[in-house]
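Dear colleague,

I am passing this structure on to you, and below it you will find my notes on what was found. Please read them with the structure open beside you.

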Amino acid sequence: MPDAAPPLQAAILPVTPFQQNCTLLWEPASKRAAVVDPGGEVDRILAAVAQLGLRVEKILLTHGHLDHAGGAAELRERLLAAPDAPAAIPIEGPDERDRFLLEGLARQGAAYGMPGLRDVTPDRWLKEGDTVDVGDQRFRVLHCPGHTPGHVVFLHDGLRFALVGDVLFQGSVGRTDFPYGDTAALLASIRDKLLPLGDDWQFVCGHGPGSSIGAERRSNPFLG
């Protein structure tokens, strides 16, 4: 739609020593927004929110690792302390199978030299087939386990755009060398749920540059 304003805009803010892509999503007209995977460095996230003039209405989590979820509790607390804050800012996602990770965020942070991370319990666990809204823009939810048991992906069908967390990367795939990792499940998630979306789908991943389904189908060595 070259003559129309985009219905949704995004900004990516790499945070934590893991350079995790915290994503800000918002409607340009209303400035209603969501923060996806606020792993830490909450001051930087809040500065970006203020610079863009956003009204954050929710926080979305793809999975329970510390670099994706460790700042969620603090971010919500500080957003709600603002004078013009909404009455509530729910945290939505991931699937409940990542509960054990979210309940161990503070311990994980201490182990990795990242003090200040806090455990968090989402207001809403997500499962495949659910939807989440950013303003009036709707994303559907896919459960894509393997990297973690409860990893979810957010899909906007109208824009053919996805937030895939640590499932698929440009030229790589998510790690599975954790005690709860499952390589077969991860590759099945990509093969059966992401690749069928279509080559024109663009995605933001959890680390590094984004890509498209088509580019990864053609050149990703893990998908051969």
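Does His 65 count as buried or exposed, and what is its relative accessibility? His 65 counts as buried, because its relative accessibility is 7%, where buried means under 20% relative accessible area, exposed over 50% and partly exposed in between, with a 1.4 Å probe and protein chains only.

Please note that this is a predicted model, in which local features need pLDDT of at least 70, side-chain atom pairs count only at pLDDT 80 or more, and totals for chains, interfaces and linings use all residues. Residues are numbered from 1 along each chain as its sequence is written, and side-chain values use heavy atoms, with hydrogens and water left out.

His 65 sits in the loop between E4 and helix H2 (66-69), helices (H or I, at least four residues) and strands (E, at least two) being DSSP runs numbered from the N terminus. Its side chain makes a polar contact with that of Tyr 180 at 2.7 Å (a pair of N or O atoms within 3.5 Å; within protein, one must be able to donate a hydrogen and the other to accept it, and residues adjacent in sequence count only if both atoms are side-chain atoms). Not counting residues up to four places away in sequence, His 65 also touches others, including Leu 101, His 147 and Phe 178, contact meaning heavy atoms within 4.5 Å.

Strands E3 (residues 32-36) and E4 (residues 55-60) run parallel and are joined by 5 bridges, and Val 36 has Leu 60 in E4 as its bridge partner.

Best regards

Technical notes
Pairing = 2+ DSSP bridges.
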